[in-house]
Amino acid sequence: MRHATHYLVAALMSVFCQSAGAAVIYTASGTDPSGDTNNSSVAPLGYGDLTSVHLIVDGSGTARFNIQFAPGTVDSVHGFVEIDIATVSPDVDPNVDYFVQVSGSAGPNYKQICQVTPTVCDDDDLTFVWLGNGVQISFPVSSIENDGDLAFLVRSFYYVGGFESVGLLDTLPDPVGGTAAWIRTHTVQEPATVLLLSIALLGLGFSYRRLPEQRGYSRLSAAFSFTSLKPLRTHATPAPSKSHNVSLIGGLVRSA
């Protein structure tokens, strides 16, 4: 029984550790100073002033952009955002090979993901919503033939309706010396996987009883249980020696 228990504990820990090591996501963030928009003959002064962007590509392969503007400089009617994406050699001389566009409601409220060469556009699985001073955009990275390892930048325009936007108002990040600057994604551990492992360890309690020394070694028995179940009883023969009960709960060890 002891051997079966030990093997089960080892198997569970192996599964959780492999899961924690396998699930990886990509993320990236960028900021831009406010008050640096270009003037437009149509857009109100200061309109479309980008201030920040945060991207996360989760374990399901979905890219989620959260793009924010300076307060009062965008709305859900005339807002227009374009995300330029470089998936080929994003670290060395990146070039746009895909772009994503979403618009406000001044016209047909259109959205599209386009490949640059050859030019092919689609809007399958692309969703977006304007919220307050920003817009949230989501799409599967498989639609740009990528896994999240990419570089990108964001541009804002003024949407006048139909399929027409007017004037480049702002770019995030700002170009450097007339050359486009890019935001690069990097990998991080998926929080959900780490949480799952923590919960598993939280529910896994260990107890042991120190038995008398026999033939130069100590016998150790172990039992475990999940919090939703009653603890399993050890089947070791009781001994009159001092006993210690230890439980591992969320990394804290308590003994009595």
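Predicted model: local features only at pLDDT ≥ 70, side-chain atom pairs only at ≥ 80, totals over all residues.

Colleague: How many helices and strands does the protein chain have?

Modeller: There are two helices and 15 strands.

Colleague: And what share of the residues counts as buried?

Modeller: The protein chain has 256 residues, and 39% of them count as buried.

Colleague: What about contacts between residues 24 or more positions apart?

Modeller: Take the contacts with a separation of 6 or more. Residues 24 or more positions apart make up 60% of those.

Colleague: On to charges. How many salt bridges does a search of the whole structure find?

Modeller: Four. One of them pairs the side chains of Asp-84 and Arg-155, at 2.7 Å from N to O. Asp-84 is in strand E4, residues 79-86, and Arg-155 is in strand E10, residues 151-161, so this pair ties together parts 71 residues apart in sequence.

Colleague: Is Asp-84 buried or exposed?

Modeller: Asp-84 counts as buried because its relative accessibility is 4%, and buried means under 20%. Arg-155 comes out at 22%, so Arg-155 counts as partly exposed.

Colleague: Why would such side chains pair at all?

Modeller: Side chains of opposite charge can pair when their charged atoms come close.

Colleague: What does Asp-91 form a salt bridge with?

Modeller: With Arg-184; the closest N and O atoms are 2.5 Å apart. That pair links distant parts of the chain, 93 residues apart. Asp-91 sits in the loop between E4 and strand E5 (98-103), while Arg-184 sits in strand E12, residues 183-184.

Colleague: And how accessible are Asp-91 and Arg-184?

Modeller: Asp-91 has 58% relative accessibility, so Asp-91 counts as exposed. Arg-184 has 26%, so Arg-184 counts as partly exposed.

Colleague: Which residue does Asp-149 pair with?

Modeller: Asp-149 also forms a salt bridge with Arg-184, with the closest N and O atoms 2.7 Å apart. This pair spans 35 residues, from Asp-149 in the loop between strand E9 (134-140) and E10 to Arg-184 in strand E12. Asp-149 is partly exposed, with a relative accessible area of 28%. Through shared partners, the salt bridges join Asp-91, Asp-149 and Arg-184 into one network.

Colleague: Nice. Now the surface: which residues form the negative patch?

Modeller: Asp-122, Asp-123, Asp-124 and Asp-125. Asp-122 is in strand E7, residues 120-122. Its relative accessibility is 40%, so Asp-122 counts as partly exposed. Asp-125 is in the loop between E7 and strand E8 (127-131). There the relative accessibility is 59%, so Asp-125 counts as exposed.

Colleague: What is phi at Asp-125?

Modeller: Near 65 degrees, a positive value in a residue other than glycine. Most residues other than glycine have a negative phi. Glu-145 has a positive phi too, near 50 degrees. Glu-145 is in the loop between E9 and E10, and Glu-145 counts as exposed because its relative accessibility is 67%.

Colleague: Back to Asp-125. I see Ser-138 there. What is Ser-138 in contact with, leaving aside its neighbours within four places in sequence?

Modeller: Ser-138 is in contact with Asp-125, Leu-126 and Thr-127, along with Thr-62, Ala-63 and Arg-64. Ser-138 itself is in strand E9. Its relative accessible area is 16%, so Ser-138 is buried.

Colleague: Last topic, the backbone. Where are cis peptide bonds?

Modeller: One joins Thr-117 and Pro-118, with omega about -10 degrees. Pro-118 lies in the loop between strand E6 (111-115) and E7. Another joins Leu-172 and Pro-173, with omega about -5 degrees. Pro-173 is in the loop between strand E11 (164-172) and E12.

Colleague: What are most peptide bonds, cis or trans?

Modeller: Most peptide bonds are trans.

Technical notes: Residues numbered from 1 in each chain as written. Heavy atoms only, no water. Patch = residues over 30% accessible without salt bridge, like charges linked within 9 Å, V, L, I, M, F, W, Y side chains within 5 Å. Areas by Shrake-Rupley, 256 points an atom, 1.4 Å probe, with all protein chains shown as cover. Lys, Arg positive; Asp, Glu negative; His and termini not counted. Charge placed at Lys NZ, Arg CZ, Asp CG, Glu CD. Helix = DSSP H or I, 4+ residues; strand = E, 2+ residues; numbered from the N terminus. Buried < 20%, exposed > 50% of the residue type's maximum accessible area, 1.4 Å probe, protein only. Contact = heavy atoms within 4.5 Å.
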